[in-house]
Amino acid sequence: MPTPESAAFLARKPTVPPTFDGVDYNDSRRFKAAQDAILREQWVKSMMARLVREELAKCYYREGVNHLEKCGKLRERYFEALKESKVRGSYFQQQNYVPGQDNPTGQDLSADGIAKPQDGNFATVPPEEAKKQGDTRL
């Protein structure tokens with residue numbers, strides 16, 4: 001049964017979604033609130049992974065040699081929580097924001113938030129187009 005939330009808690013409860021979508025970068029109050037919301041969500045995921053890990057350790061200790069059979073669901077939950085548990089901050093998202101996308105860069109992200117290469121490089125411009133623009137690095 002959930003605990004009723006007090007008026008003081010509700011007054012401090014964040015109302016900003018954890019994204020930079022729709023945030024004016026010149027409005028420092030909304031920008032800071034979006035940064036805080038993103039970090040808060042990352043910390044919540046990290047703490048949830050910690051709680052699952054502690055329950056998994058208790059299960060391993062309690063079940064002994066049968067832990068492979070008895071703790072399988074907790075183990076799978078922990079592996080899923082590990083994918084999102086790292087606190088990465090918001091600097092990458094604010095520097096590489098593209099409006100209207102959940103993923104700020106539009107690239108595939110690995111579990112640790114590092115962009116995966118597309119077609120062998122990280123360029124958002126195709127290599128042929130980059131050569132036309134005079135980019136000699138490719």
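I started at glutamate 63, which is in contact with Lys70 and Cys71 once neighbours within four places in sequence are left aside. Contact here means heavy atoms within 4.5 Å. I placed glutamate 63 in helix α2. The cut-offs are under 20% relative accessible area for buried, over 50% for exposed and in between for partly exposed, with a 1.4 Å probe and protein chains only.

**Ground rules**

I noted that this is a predicted model, where local features need pLDDT of at least 70, side-chain atom pairs count only at pLDDT 80 or more, and totals for chains, interfaces and linings use all residues. Residues are numbered from 1 along each chain as its sequence is written, and side-chain values use heavy atoms, with hydrogens and water left out.

**Whole chain**

I looked up the secondary structure of the protein chain and found six helices and zero strands. Helices (H or I, at least four residues) and strands (E, at least two) are DSSP runs, numbered from the N terminus. From the N terminus on, the order reads α-α-α-α-α-α. The protein chain has 138 residues, and 22% of them are buried. I also checked contacts with a separation of 6 or more: residues 24 or more positions apart account for 36% of them. The protein chain exposes about 10,800 Å², and carbon and sulfur atoms supply 54% of that area. Accessible areas come from the Shrake-Rupley method with a 1.4 Å probe; for residues, only the protein chains shown count as cover.

**α2 against α4**

I then took helix α2 (residues 28–63) with helix α4 (residues 72–84). Their axes come within 9 Å and cross at roughly 155 degrees. That makes α2 roughly antiparallel to α4. Axes are lines fitted to C-alpha atoms, for helices over the stretch in contact, and angles run from 0 to 180 degrees between N-to-C directions. Angles under 35 degrees count as roughly parallel, over 145 as roughly antiparallel, 65 to 115 as roughly perpendicular and the rest as oblique.

Next I listed the residues that meet. From α2 they include Lys45, Ala49, Val52 and Tyr60; from α4 they include Leu74, Tyr78 and Ala81. The residues of this contact divide into eight nonpolar, no polar and six charged. In this scheme Ala, Val, Leu, Ile, Met, Phe, Trp, Tyr, Cys and Pro are nonpolar, Asp, Glu, Lys and Arg are charged, and the others, Gly among them, are polar.

In α4 I found Gly72, Arg75, Tyr78 and Ala81 buried. These buried residues pack against α2 and α3 (67–70). I recalled that an α-helix has 3.6 residues a turn, so residues three or four places apart point the same way. Leucine 82 is also in helix α4, but leucine 82 is partly exposed at 37% relative accessible area.

Glutamine 42 lies in helix α2. Glutamine 42 is buried, with a relative accessible area of 7%. I found Ser85, Val87, Arg88 and Gly89 touching glutamine 42, not counting residues up to four places away in sequence.

Glutamine 94 sits in helix α5 (residues 91–95). At 16% relative accessibility, glutamine 94 counts as buried. Beyond its neighbours within four places in sequence, glutamine 94 is in contact with Phe20, Tyr25, Phe31 and Gln35. The C-alpha atoms of glutamine 94 and phenylalanine 31 are separated by 9.5 Å, at 63 residues apart along the chain.
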